[in-house]
Amino acid sequence: MKSLQFTLVITLFTALFATLQADSTVPKEIVSEPHGSTIPWDANRVDSHAPIGVMGDHTHHTGEIMLSHRFMYMDMRPNYVGSNKVSASSQLSMQGSGPFQIMPTNMQTQMHMFGTMYAPTNRLTLMAMIPVIDKQMDHIVANGTTFSTATNGIGDFKFGGLVGLFEKGNTRAHLNLIMSAPTGSIEETGFVPPAAGTIRLPYPMQLGSGTWDFKPGITWLGQGGNLSWGAQLRSTIRINDNGAGYSLGDEVGADIWGAFRLSDAISTSLRLSANIWGDIEGRDPMIMGPVPTSDPNNQAGERIDVFAGLNYHCQNGFFKGHRLAIEAGTPIYQDLNGPRLGMDWMVIVGWQKAF
Ligand SMILES: [Cu+2]
């Protein structure tokens, strides 16, 4: 299975280089053909950037550099079995009918994502992102006591290219070819009172995947009048097993959004985000315990979130060209291989500036 994925990665990178080769010989006029009366896609519009929660949504013109910083806060609660909410205590052996000695009750994830983009040509935008992550999880024990664990540090470094596919009138599309390097720790430990010691913490508290991951996707964008819209299909393919003996589940996701331009500087947006991810393959022998977060078969799920957002693109003065954006979302559907904590709400704020 892993060698099949490796072949897929090689094939896609070959396709990338073939595209770049072709790029140098295709005149610009053929790449973008203005369509009669249609106004061409405008990269300077406030809503030319997708809602801030979408990554790799836009490309840049030759020579442009962009810096960005996003902050994300996510609150997870309560536990789900399938699409049903269940109380933590109902899953405990002494208080409920469940098999567990420990249950998570809620989790908070904070992430700072620092990013840079650079376009060597109009057809290719390179990008790199490094996250700094802070996680904390509260638990209840079968005897009624509670405790929390926390981890923090850098996550997995992501880098790659966005390759223009076409630009036709007021629509355009690009490929997202992103790799994730295993720079995040998968050996985070914490003091767990029921274990009476410091042990390696369960999978959701680790900071990285530990694997090289390929994240191919495709993004499509359109504009018309004061409206804009877009869609992105994305995936995460774990290429190898990590040093601890497992790989996180593969993922596929899709986003669709629409934005309305209120002025040259401000647009509002609505986004639907659907995600499906698999269980863990293999297991880390250091991660164990009578808690569902330590079970490799207790991780998979699917979820659809709805987000409302605001983009701001400063038009004049000292901060001309700076972009600020915010987006907040909550699930409208989730079905989890639980018991497992579900997402309750999240907010993302971001700053971007191109030079
Ligand atoms: Cu950018």
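I'll start with one residue. Setting aside residues up to four places away in sequence, Ala50 touches Asp57, His58, Gly230 and Trp257. Bear in mind that this is a predicted model.

Where does Ala50 sit, by secondary structure? The residue is in a loop, the one between strand 1 (32-33) and strand 2 (65-82). Is Ala50 buried or exposed? Ala50 is buried, because 27 other C-beta atoms lie within 10 Å, and the cut-off for buried is 20 or more. Leu310 is 260 residues away from Ala50 along the chain, and the C-alpha atoms of the two are separated by 10.0 Å.

Now the chain as a whole. There are 355 residues, and 36% of them are buried. The secondary structure consists of two helices and 18 strands. Take the contacts between residues at least 6 apart in sequence: 67% of those join residues at least 24 apart.

Next, the cores. The largest nonpolar core has ten residues: Met117, Ala119, Leu124, Met127, Met129, Leu162, Val163, Leu175, Leu177 and Ile178. Which strands each supply at least two residues of this core? Those are strand 5 (124-141), strand 7 (157-168) and strand 8 (171-181). Another core lies apart from this one, with eight residues, including Ala88, Met103, Ile140 and Val291.

Last, one member of the largest core, Met129. With neighbours within four places in sequence left out, Met129 is in contact with Met113, Phe114, Gly115 and Lys158.

That is what I have for today.

Technical notes
Residues numbered from 1 in each chain as written. Predicted model: local features only at pLDDT ≥ 70, side-chain atom pairs only at ≥ 80, totals over all residues. Core = buried A, V, L, I, M, F, W, Y, C linked by C-beta atoms within 7 Å. Buried ≥ 20, exposed ≤ 12 C-beta atoms within 10 Å, placed from the backbone. Helix = DSSP H or I, 4+ residues; strand = E, 2+ residues; numbered from the N terminus. Contact = placed C-beta atoms within 7 Å.
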